[in-house]
Amino acid sequence: MSDTQNIILCSTDSASESIQKFIVARGYGEKVKALSLSTGIPESTFSKIKYNKDYKFEHRTLIALLIELNVDFSTSMSILQKAGLSLGNSKEHIVYKVLLEKHDSVDIPTANMLLKENHLKELAGHTRDKPNKKRQNISR
């Protein structure tokens, strides 16, 4: 699924336009809820991405999308640049680079596990992997 040759990105596309093309190409166009659940990104953010070509991404949000949408490393770096973001030599950015390089064998839970092991924040708003305490109490 990492084949990007069927997705035509124009040099004039913004980061949000580029991401939107991947969302549609990967079959999430009408399934934003599924993409929201898998990435931990609120559904409202996808509307902002779709309708605001100048949407300002945070690193963690954009990295989560690039991983979930299985975007190759070179294209990911291009989209990051379009978003006005770069990856430097900080521990966090080095881990992001590794995750993007391994895009075809990494999913969000694996990425978050690697980030946690390195004492870094999880991708996007992804805290849904944690058990719901209310549900645990009900099952007692």
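In which hand of crossing does α1 pass α3? The crossing is left-handed, meaning that the near helix is turned anticlockwise from the far one by less than a right angle, clockwise being right-handed. Helices here are DSSP runs of H or I with at least four residues, numbered from the N terminus. The model is a predicted one, in which local features need pLDDT of at least 70, side-chain atom pairs count only at pLDDT 80 or more, and totals for chains, interfaces and linings use all residues. Residues are numbered from 1 along each chain as its sequence is written, and side-chain values use heavy atoms, with hydrogens and water left out.

The axes of α1 and α3 (lines fitted to C-alpha atoms over the stretch in contact, with angles from 0 to 180 degrees between N-to-C directions) come within 8 Å and cross at roughly 115°. From α1, S16, I19, Q20 and I23 meet F46, I49 and K50 of α3, contact being heavy atoms within 4.5 Å.

Helix α3 spans residues 43-51, and T45, F46 and I49 are buried in it (under 20% relative accessible area, 1.4 Å probe, protein chains only). These residues lie on the same side of α3, because they cover an arc of only 100° around the axis, taken from the directions from the helix axis to the C-beta atoms. Their cover includes α1 (15-25), α2 (32-39) and α4 (59-68).

Turning to α4 and α5 (residues 73-82), their axes come within 11 Å and cross at roughly 150°. The two helices are therefore roughly antiparallel, the term for angles over 145 degrees. L62, I63 and L66 of α4 make the contact with S76, I79 and L80 of α5.

Methods
Buried < 20%, exposed > 50% of the residue type's maximum accessible area, 1.4 Å probe, protein only. Parallel < 35°, antiparallel > 145°, perpendicular 65-115°, else oblique.
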